[in-house]
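Good morning, colleagues. I would ask you to look at the structure on the screen while I go through a few of its computed features.

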Amino acid sequence: MRLAALQNSSVFYRRVLSRFPRDISLAFAYGSAVFRQTGGQMESMLDFVFAVDDPVTWHTMNLMENRKHYSFLRYLGPKHISSIQTDCGAAVYFNTLVPAEERVIKYGVISTDALIEDLLHWKTLYVAGRLHKPVRILLQSEHAKLRAALVGNLKSAVIASFLMLPESFSEEDLFLQIAGLSYSGDFRMVIGEDKSKVSNIVKENMPHFRKLYNSILQECPQVVYKPQQGRLEVDKSPEGQFTQLMALPRSLQQQITRLVERPGKNRDVEEILLQVAQDPDCGSVVQQGISSIVKSSSITQSAKGIATAGLVKTVAYSAKKLQKMWRGWRRRPS
């Protein structure tokens, strides 16, 4: 594994990672405890995601080293835990409210194959959506397909956002659209999350967003990017929008097809997307498609979280989220 990214991290992150089995293809930290958000204090709980090649082996080793991290599901053993991870929700298994290095952490485990699937095709947009925003990469293996999928996910976020924006817009408009993709349709934005979350993420982290997306915007033939002015212009012709629609991840194309296609017809995806490209409400259709993906995965993953966290931790975690939402509501100008 390539350790350059890890060596540039703080001692704290290295110590946290040292507590876990080493078979990790990608490890990253994310959220407001890593990147400060506007109008609030840094979160006390740190969020991590670990991608692993072999979930059964990884959970076997982790149960030996960190058995107390798991809820009552630990009694089912690593094979059942891996099945719950892979077959339910967004293919992520979270252990939450875990003490580590005098902090509290939450970590999710996803198989490398499931992560690549989500990055390329937006099957759930759960982990892929987190990676639309700046994260702190702690460890990354020399996995060519994973590397390509990580870049492809960012390109898809840009293209989807172009379709929902006007012909001319600012960098901040684009990054707000990108950061909001994985929250569109998420029921937790109704109860449990600060309603100004997306704006808080972007406004405090514009330099990080620029660094993440600069090369993609510079190379994208669909847009005129003026970084000095912080402005962008995108092709909104039917031909331009059709090209963008054809470049969207497969699951999103399928959701758009379901929204548009009338019962009884059997047209291919290309024909349907050509129709959508000429529709004045093209951006709205794309938005609905994204919302349908996020809504489904957010509900099923949250339901799974009750079992993986256990009742006591679920109540404690939910209380923290509601408290955060209340703080955000109180900060709003009257």
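Setting aside neighbours within four places in sequence, Ser 156 is in contact with Trp 122 and Pro 249. Please keep in mind that this is a predicted model. Ser 156 belongs to helix α7, which covers residues 144–164. Is Ser 156 buried or exposed? Its relative accessible area is 8%, and because the cut-off for a buried residue is under 20%, Ser 156 counts as buried.

Let me place that residue in the context of the whole protein. Buried residues account for 51% of the 334 residues. The accessible surface amounts to about 16,100 Å², with 54% of it belonging to carbon and sulfur atoms. Of the contacts between residues at least 6 apart in sequence, 69% join residues at least 24 apart.

As for secondary structure, the protein contains 15 helices and 8 strands.

How many bridges join β7 to β8? There are 4, and β8 spans residues 231–234. Within this antiparallel pair, Val 224 stands opposite Glu 233 in β8.

Finally, a helix accompanies this sheet. Thank you for your attention.

How values were computed:
Residues numbered from 1 in each chain as written. Predicted model: local features only at pLDDT ≥ 70, side-chain atom pairs only at ≥ 80, totals over all residues. Heavy atoms only, no water. Helix = DSSP H or I, 4+ residues; strand = E, 2+ residues; numbered from the N terminus. Buried < 20%, exposed > 50% of the residue type's maximum accessible area, 1.4 Å probe, protein only. Contact = heavy atoms within 4.5 Å. Areas by Shrake-Rupley, 256 points an atom, 1.4 Å probe, with all protein chains shown as cover. Pairing = 2+ DSSP bridges.
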